[in-house]
Amino acid sequence: MIMESKYLDDDELISAINHSSQPYIIVEGPDDVMVYRWILDEMDCSGLLEPRNGCDGVNALISRRDEIVNPNVIFIVDKDTLVYSNSIPVNNNVIYTEGYSIENDLYQGKSFEKHYFKKDDKSLFEKALNEFLRYYACELEKFKNSKEFDFTKSPESILSENHLLDTSKLTDYTEPSQSSVEYLRKDYDLLLRGHSLFHLVRMIVGRKERTIKYSQKQLYDMCYCLKSDSIKHMQEKIKKSLS
């Protein structure tokens with residue numbers, strides 16, 4: 001059974017790790033804990049699940065790894081923008097998600113759409129996705145050109161009720177190339193920021209005229225039960241790191 005320790009500062013956590021014989025699994029934040037608990041409980045992995053203050057919080061501990069004597073410690077971080085690169089750092093006991101974030105790994109394969117989307121859900125989602133991809137591809141081009149970018153806009157904040165992109169709500173928007181849009185469309189389950197992707201889905205399955213609606217937590221749970229290849233790979237990587 002996975003337990004969560006109280007939120008400790010770095011010095012306290014390193015001391016706790018070094019005085020424990022149990023495995024420690026260090027993840028980015030409280031929002032990730034639910035998913036990793038499912039993963040670890042299913043593996044029947046006994047240890048402590050410790051959320052930090054985002055990627056920077058995990059990296060701060062990684063930088064002090066030489067102070068940690070407990071051999072059963074693994075760090076799990078989201079790829080974030082590294083998902084757009086072919087150069088992923090190789091670090092012992094550091095595991096990266098396959099997609100932008102653990103939410104993307106949950107959604108990988110798009111099985112949720114196949115199992116739960118009705119016909120009108122599919123058409124509305126495709127329209128909303130196409131519009132959102134225009135914004136996201138624009139920001140991706142900025143990122144690749146070393147310009148200031150922002151992948152954090154929520155679909156609800158920039159799409160109209162008719163699921164059309166309102167470019168007046170964006171900064172320095174220029175129409176992206178079709179190749180950038182298609183690059184994202186092909187693997188949007190892994191490449192779009194995970195929070196944004198789930199908000200897009202919830203816009204569709206949570207709309208007021210839909211008979212059956214789902215909360216964000218329910219969406220995560222439903223996706224986990226469908227068990228994507230990325231989640232299976234995560235379990236394998238954790239098991240290998242702790243063996």
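The model is a predicted one, in which local features need pLDDT of at least 70 and side-chain atom pairs count only at pLDDT 80 or more, while totals for chains, interfaces and linings use all residues. Residues are numbered from 1 along each chain as its sequence is written, and side-chain values use heavy atoms, with hydrogens and water left out.

A pocket here is an open set of points on a 1 Å grid over the protein atoms alone, where a 1.4 Å probe fits, with protein on both sides within 12 Å along at least five of seven lines; lining residues have an atom within 4 Å of a point. The volume of the largest pocket, about 310 Å³, is the space filled by probe spheres set on the points, which are joined across faces, edges and corners. Its lining is made up of 18 residues, with D78, D80, Y100, R193 and H195 nearest the centre. Helix 2 (30–42) and helix 10 (194–205) are the elements that contribute two or more residues to this lining; helices (H or I, at least four residues) and strands (E, at least two) are DSSP runs, numbered from the N terminus. Eight of the lining residues are charged, seven polar and three nonpolar, where Ala, Val, Leu, Ile, Met, Phe, Trp, Tyr, Cys and Pro count as nonpolar, Asp, Glu, Lys and Arg as charged, and the others, Gly among them, as polar.

The second largest pocket has a volume of about 150 Å³. Among the residues that line this pocket are Y135, E139, K142 and D172, and by class the lining has six charged, three nonpolar and one polar.

Attention now turns to the interior. A nonpolar core is a set of buried (under 20% relative accessible area, 1.4 Å probe, protein chains only) Ala, Val, Leu, Ile, Met, Phe, Trp, Tyr and Cys residues joined through side-chain atoms within 4.5 Å. The largest such core has 59 residues, and I39, F112 and F125 have the most contacts inside it. Helix 6 (residues 119–144) supplies the largest share of this core, 10 residues. A second, separate core of 16 residues includes V58, L61, I62 and V77.

Finally, two aspartates have positive phi values. D80, with phi near 50 degrees, sits in the loop between strand 4 (73–77) and strand 5 (94–96). For D44, phi is near 55 degrees, and the residue lies in the loop between helix 2 and strand 3 (47–51).

Notes. Buried < 20%, exposed > 50% of the residue type's maximum accessible area, 1.4 Å probe, protein only.
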